[in-house]
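Q: Could you help me read this structure? I would like to go through it piece by piece.

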Amino acid sequence: MKRDIPTKLAVLILGALTSLSAQDLTITNARIIIPNGAVIARGSIVVRAGKIASVTPGAPTATAAAGASAKIIDAKGLTAMPGFIDGHRHINTGPNEKAQMQALLEAGYTTVLSGGGPADGNITLRDHIDKGVINGPRIIPSGSLRLANNTPEMARAEVRKMAEMGIKFTGEIALTPIPGPSEKELEVLRAVVDEAKKVGVMVQVHAVSSRAMVAAVDAGVPLLVHLPNKDWVSKEDAKRVAAAGVKVLGTVSFGSPVFGVFADDNKPRFRDGKAWPEGIVDGVRLGEEAGYMPVNARTIWDAGVVLGYCTDTTYDPKAGLDHELKMLNVMFSMQDLIKMMGPNTASYVQMSDQIGTLEAGKLADLILIDGDPLEGYWNWLKTKVVVKGGVVVVDKR
């Protein structure tokens with residue numbers, strides 16, 4: 001009897017994986033946000049083999065509907081929009097991963113790029129989700145790399161190791177913001193950028209001052225995980241970033257106080273729960289960061305830089321989404337946010353051809369929310385259904 005246990009276990013695992021495989025699905029009677037923020041007032045989305053087959057006004061065409069399974073979701077006026085993408089959040093495997101990943105899904109996230117941490121742990125977390133051990137968003141792992149105490153050749157070796165592990169992104173590589181990066185830091189960074197190009201790894205840099213940002217751009221860095229929060233970005237520097245084709249993530253709510261997340265006592269806190277503003281690491285401790293980042297985001301955006309979305313936090317995903325959107329709302333329209341959180345962030349994570357918009361041929365990563373996202377960001381917090389790769393992973397209707 002005991003000899004049958006491995007066989008039965010294998011059958012159970014196979015069954016679990018099969019249930020997580022891509023489904024055929026039809027969503028009807030939905031308000032649909034399509035590319036460029038345009039809206040289909042009431043339409044249908046047909047999904048086949050995990051990808052969007054059609055997005056049409058009214059009922060699906062007979063051709064599109066043919067072959068679709070009996071899995072039908074009547075949205076009853078809910079809004080369909082692309083699943084949220086967090087381009088920089090600190091996650092890793094661990095004892096609480098199941099609850100954390102479920103919370104991300106329920107907030108509407110379908111793809112998350114790990115902000116750093118041990119590469120092995122990021123890979124383990126990704127594999128746990130992909131194999132159906134836990135439910136969660138699509139995880140893009142990264143690998144940590146520090147410039148300090150590294151030589152150019154040592155850093156090159158680390159990049160090659162990442163590539164061998166299948167890692168496509170470095171974690172955030174910190175540059176000294178004030179007074180600015182040293183020549184030694186930049187020498188190592190240039191080696192990292194050069195080696196990364198050879199082996200197909202995207203380099204992400206943490207540059208939180210204008211001086212560090214410009215130095216990273218001049219070193220050939222393609223991705224910046226933060227806007228500067230130590231000073232104002234000039235229009236000239238913003239144009240320099242745009243001309244270089246460097247993509248940037250916002251983290252606009254960095255520095256602004258959080259309420260009601262860590263304790264319901266009406267006391268302002270920083271995003272790690274410490275007192276605001278003195279709890280901000282390496283900040284000026286007067287709260288100026290709360291002003292620099294939203295304004296810098298608009299300056300960067302108006303210069304034509306591809307500005308994406310991220311939270312760079314570890315606290316509750318829905319609270320983090322609320323916090324970030326609330327600050328973005330000060331400087332951006334809802335149409336801007338649809339572009340920022342969809343196609344722009346998809347471009348940052350190098351998946352423009354697969355996610356970020358609802359159109360035929362892309363992965364069926366979408367959410368149904370209870371409200372009109374163009375009315376206000378608060379409706380973006382009302383996720384009812386989450387579909388990842390054609391699989392309904394959350395249904396709270």
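Predicted model: local features only at pLDDT ≥ 70, side-chain atom pairs only at ≥ 80, totals over all residues.

Q: How do the side chains of Asp-194 and Lys-198 meet?

A: They meet in a salt bridge, with an N to O distance of 3.4 Å. In general, side chains of opposite charge can pair when their charged atoms come close.

Q: Is Lys-198 buried or exposed? And what about Asp-194?

A: Lys-198 is exposed, because its relative accessible area is 59% and the cut-off for exposed is over 50%. Asp-194 counts as partly exposed, at 31% relative accessibility.

Q: Which residues are linked with Asp-194 and Lys-198 in a network of salt bridges?

A: Glu-153, Arg-156, Arg-160 and Glu-195 belong to that network along with Asp-194 and Lys-198.

Q: How many salt bridges does a search of the whole structure find?

A: The search finds 15. One of them joins Arg-298 and Asp-302, whose closest N and O atoms are 3.0 Å apart. Both residues lie in helix H9 (residues 289-302), four residues apart, about one turn of the helix. Arg-298 is partly exposed at 23% relative accessibility, whereas Asp-302 is exposed at 54%.

Q: Changing topic: in what order do the three strands of the open sheet come?

A: The order is E6-E7-E8, and the pairing is parallel. Strand E6 (84-89) and strand E8 (138-140) are the edge strands, each pairing on one side only. From one strand to the next, the twist averages 15°.

Q: What holds paired strands together in general?

A: Strands of a sheet pair through backbone hydrogen bonds, either parallel or antiparallel.

Q: Over how many bridges do E7 and E8 pair?

A: Strand E7 (residues 109-114) pairs with E8 over three bridges, in the parallel sense. Leu-113, for example, has Ile-140 in E8 as its bridge partner.

Q: Which helices lie across these strands?

A: Helix H3 (residues 97-107) lies across E6, E7 and E8, running at about 125° to E7. Helix H11 (residues 334-348) lies across E6 and E7, and runs at about 45° to E6.

Methods. Residues numbered from 1 in each chain as written. Heavy atoms only, no water. Pairing = 2+ DSSP bridges. Helix = DSSP H or I, 4+ residues; strand = E, 2+ residues; numbered from the N terminus. Axes fitted to C-alpha atoms, helices over the stretch in contact; angles between N-to-C directions. Contact = heavy atoms within 4.5 Å. Salt bridge = Lys/Arg side-chain N within 4 Å of Asp/Glu carboxyl O. Buried < 20%, exposed > 50% of the residue type's maximum accessible area, 1.4 Å probe, protein only.
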